[in-house]
Amino acid sequence: MNQGIDLQGSFIRAMVDLGLSPGVAKTLWLPLPMVVILVAATVSIFVTVWLERKISAAAQQRIGPEYAGPLGTLQAAADGIKLIFKEDITPAKADPWLFTLGPAIVVIPVFLSFLIVPFGQNMVITDIGVGIFLWIALSSIAPIGLLMAGYSSNNKYSLLGGLRAAAQSISYEIPMALAVLAVVLMSNSLSTIDIVNQQSGYGILGWNIWRQPAGFLIFWIAALAECERLPFDLPEAEEELVAGYQTEYTGMKFGLFYVGSYVNLVLSALIVSILYLGGWEFPVSVTWISGLLGISETAPWLQVITAAIGIMMTVFKAYALVFIAILLRWTVPRVRIDQLLDFGWKFLLPVSLVNLLLTAALKLTFPMAFGG
Amino acid sequence: MLGFLKQVGDYAKESFQAAKYIGQGLSVTFDHMSRRPVTVQYPYEKLIPSERYRGRIHFEFDKCISCEVCVRVCPINLPVVDWDFDKASKKKNLKHYSIDFGVCIFCGNCVEYCPTNCLSMTEEYELASYDRHELNYDNVALGRLPYKVTQDPMVTPLRELAYLPKGVLDPHDLPANSRRAGKLPQEILDAMPQDPEAAEAKEAKD
Amino acid sequence: MTLSEGVQLVAFGLLAVMMLGGALGVVLLENIVYSAFLLGGVFLSMSGMFILLNAGFVAAAQVLVYVGAVSVLILFGIMLVNKQQPFLPVKSAWIGKVATGAVCAGLFALLTATVLKTSWAFSPEMPVGDQAIVEIGKHFFTDYLLAFELASVLLLIALIGAIVLARRELIPDTLPGEEQSEALQLPERPRQLVSSVAANAPDTDT
C-alpha cells in the first residue's frame with residue numbers, strides 16, 4: 001500500500017535536526033494540523049455561503065451577490081462582520097446562561113468532528129480506532145444545544161423549534177448510524193482511513209457507492225435531515241415557527257448557529273465522500289497510472305502530486321455534494337413534521353435495517369467484493 | 001401472504017416513483033441554472049414603462065372645472081375637490097384638489113371620465129416615503145411632471161419584453177434603433193383598407 | 001513529569017471538578033431543567049474520564065447513548081410535561097426522605113467498601129487501545145453472551161411495546177361508564193390492513 005507522505009515525521013525530523021528534543025518537536029507539531037483544519041473549516045463557510053447564494057440565484061434566474069468583492073465572493077465576510085458588530089441582545093425573560101451556552105454546544109461538536117476527516121493517507125488530525133463512530137457520537141450532542149437554545153429563549157416558537165430539531169436529529173441518527181454500520185461491516189474497521197483504503201485500488205469502480213447504493217441514499221437523506229437543510233428544515237420553518245430556536249438570537253450568537261449549520265453541511269458532505277465516494281481517491285487508480293507510465297510509486301514528487309490531488313478530490317467531491325444539496329433545496333418542498341417522522345421511522349429505518357442485513361449476507365457470500 | 005407481498009411491492013413502486021419525480025424536479029432546477037438571469041439591476045437600470053402604464057396621476061389645475069365626476073366614479077370617492085361657487089361669474093372656483101396615493105388603487109376611472117382631461121396617468125411609480133401622510137398629494141404635487149427614465153443620466157433604460165425585437169429576450173445592449181417585434185399601432189392603421197367615409201372626413205378636416 | 005503526564009493530570013482534575021460539581025448541581029438545584037442539562041454535563045465529563053483511561057470506544061458510546069439519547073429524552077420529557085404546579089404538602093413526608101437517605105447511605109457504604117477492598121495496582125496487561133472494539137466484540141459473544149442477549153431482548157420488548165402504544169390512535173377522553181357526546185368526538189378510522197379489506201370486500205372497487 002502506498003503510504004503517502006508523512007508530514008508529521010518529516011516535521012519532527014526537521015525540528016530534531018535543528019537541535020530540539022523529539023518531545024518538544026512533537027509538541028510543536030500538535031497544534032499545526034488543528035489550526036490548519038480550523039482555518040480550512042472556517043474558509044469552507046465562506047465558500048459554501050457564496051455557493052449557496054450564487055447557485056440559488058442561478059436556479060431562480062437571478063444574479064445573486066455581485067458587489068461585495070469580485071463576483072460577490074466577499075458577501076459572506078460582509079455578513080460575518082455585520083453579525084459581529086450587531087448588538088448582542090438577551091431577551092429580558094430569557095435564561096442568560098443557557099441562552100449563551102446553547103449556540104456554543106451546537107457549534108463545538110461540529111468543529112470537533114473534523115478530527116477524523118482525512119484528506120490523504122496521513123492527512124488527518126488523528127487516525128483513532130473509533131473513527132467514524134466518534135463523528136456519530138459527537139453529532140448526537142447537538143440536539144442538547146438546540147433544546148437549550150429553544151428552552152432558554154422563553155418563546156413558544158423557539159421551544160417548538162428546539163423540540164422539533166431534537167426529535168428530528170435523534171430519529172434520523174438511527175438510519176444514519178445503520179448506513180454507516182453497513183459500510184463499516186465491509187471495511188472491518190471504524191477508522192476513516194481504513195474505510196477509504198478499502199475502496200481504493202480500482203478507481204471509481206471500487207467506491208462504496210456501487211456496493212451500497214441504498215446506503216448512500218439513506219445516509220445522504222439522513223445527513224440532510226441532521227443539517228436541517230431543506231426539505232427537512234422544519235425546525236426553523238419560517239412560515240410556521242418564525243425561525244424556530246433561532247428566533248430570539250441576534251449578533252454573533254445567531255452567527256454561531258449560522259456557522260454551525262454551514263460547517264455541518266460541509267462536514268456531512270465530506271463524510272459522505274469518504275464513506276461512499278472513495279475519499280481522496282482519484283476516479284482512476286493512481287497506482288495504475290504510475291505503473292503505466294513506469295514511475296516508481298515512492299518517487300517524492302509523485303507523492304506530493306498524489307497528496308495534492310487527494311486533497312482536491314476530497315474537497316471536490318464534498319462540494320459536488322453540497323451543490324446537490326443546494327439544488328435539492330430549490331427543488332423539493334418542505335415536508336410536514338408527521339411526514340418527516342413517518343419517513344424516518346417507517347421508511348428509512350426498515351430500509352437501512354434491510355440494507356445492513358443484505359450487506360452482512362453479501363459479505364458472507366462474496367467475501368472478495370464485500371470485504372472478507 | 002400474497003396480499004402482504006403485494007403491499008410491499010406497491011410500497012416499493014411508490015418509493016421509486018417518488019424518487020423519479022424528485023429526479024425530474026432536480027433536472028428542471030438544473031436546467032434553470034443555465035438560463036440567463038432576468039434581473040433588472042433596479043437603481044441602476046430601469047424598465048421603460050409601457051404607454052398605458054398606470055402610474056401616479058397627474059392633475060392640471062387650470063383645466064379642472066370642479067365637476068366632481070372623478071369623485072363619483074372613484075370606487076372609494078377618494079379625490080378631494082375643494083371649491084366654492086363664484087356668484088359673479090356663476091362658476092365653480094377650485095381652491096384645492098388632492099388624491100391620497102396611499103389609498104388609491106390606480107384603477108384609472110377618474111382619468112377615464114374626466115370631461116376636460118385634466119387628469120392623466122403618468123409613468124411614475126416610485127412613490128415610497130417615510131410617512132404615509134406624504135402620500136397625500138395636493139394639487140401642486142399632482143401637477144409635477146414625472147422624471148423620464150430615458151432622460152436620467154444615472155439610469156440605463158431597458159425595454160420591456162413586449163418592446164424587444166423579434167427573438168430577443170435580453171434588453172441589455174440593444175442596437176440603438178432596433179424595432180420592436182410586430183407592427184406599431186400607426187402602421188396597423190395605415191395598412192387598414194380605408195373606408196370612403198373616413199377618407200372623406202379626413203379630407204374635409206384637411 | 002513529562003508534558004503528556006501533566007496534561008493528563010490537569011485534564012483529570014478538570015473532569016473531576018466538572019463531574020462532581022455537575023452531580024451536586026443535579027441533586028441540589030431547584031430548577032429541574034438545569035438538573036437535566038447538568039446531567040448531560042456529568043455524562044460528558046464521564047466520557048472524558050474514559051478517554052483518559054484509553055477507552056475511546058466506551059467514551060464515544062457513553063456520549064452517544066447517555067448524552068445523545070438519555071439526556072435528550074429526559075429533557076424531552078421535562079419540556080413536554082412542563083406543568084408548573086405547587087406540590088401539596090404530603091403528610092409524613094419525612095419517612096420518604098429518611099428512606100431515601102438510608103438507601104443513599106447504604107449505597108455509599110457499599111461503594112466505599114468496594115473501593116477499599118479493591119486492589120488498585122496497575123494491571124500488567126498492555127492496554128489494547130484501538131483494538132478495544134475487537135476485544136469488546138469477542139467478550140460480547142463469548143463470556144458475556146447471556147447478558148448481551150438479555151439486553152437485546154429487553155430492548156426488543158421495549159421497541160414492540162412502544163409500537164403497540166404508538167399504534168393506538170386515540171385515548172378516549174371519557175370514562176367507560178360515561179355517556180359520550182357525538183358532536184365532540186374526533187373521527188377515528190379503524191386501522192386495517194389493505195389486504196384484509198380487499199379480502200373482506202373483494203368487489204367494492206369494481
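How many cavities of 30 Å³ or more does a search of the whole structure find?

Modeller: Happy to! Please keep in mind that this is a predicted model. The search of the whole structure turns up 1 cavity of 30 Å³ or more. The largest cavity holds about 60 Å³ of space. Its lining is made of 13 residues, and the closest to its centre are B:Cys64, B:Cys67, B:Cys70, B:Cys114 and B:Cys118. As for how such a space is found, rolling a probe the size of a water molecule over the atoms shows where empty space is left.

Over all chains, the count of aromatic pairs comes to 23. One of them joins A:Phe254 to A:Tyr258, with 6.1 Å from centre to centre and 35° between the planes, and this pair is tilted. Both residues sit in helix 13 of chain A, which covers residues 251–275, and they are 4 residues apart, about one turn of the helix. A:Phe254 has a relative accessibility of 24%, so it counts as partly exposed. A:Tyr258 is partly exposed as well, because its relative accessibility is 26%.

Compare that with A:Phe343 and A:Phe347. Their ring centres are 5.3 Å apart and their planes meet at 15°, so this pair is stacked; the cut-off for stacking is planes under 30 degrees apart. These two residues belong to helix 16 of chain A (residues 337–365), and because they are 4 residues apart there, about one helical turn separates them. A:Phe343 has a relative accessible area of 28%, so it is partly exposed.

Let me finish with chain C. Its secondary structure comes to 7 helices and 0 strands, and from the N terminus on the elements run α-α-α-α-α-α-α. Of its 206 residues, 15% are buried. Chain C exposes about 16700 Å², and carbon and sulfur atoms supply 72% of that area. Among contacts in chain C between residues at least 6 apart in sequence, 48% join residues at least 24 apart.

Methods:
Residues numbered from 1 in each chain as written. Chains lettered and ligands numbered in written order. Predicted model: local features only at pLDDT ≥ 70, side-chain atom pairs only at ≥ 80, totals over all residues. Heavy atoms only, no water. Phe/Tyr/Trp six-rings, centres within 6.5 Å; stacked < 30°, edge-to-face > 60°. Buried < 20%, exposed > 50% of the residue type's maximum accessible area, 1.4 Å probe, protein only. Contact = heavy atoms within 4.5 Å. Areas by Shrake-Rupley, 256 points an atom, 1.4 Å probe, with all protein chains shown as cover. 1 Å grid on protein atoms, 1.4 Å probe; cavity = no way out; pocket = protein on both sides within 12 Å on 5 of 7 lines; lining within 4 Å. Points joined across faces, edges and corners; volume = space filled by probe spheres on them.
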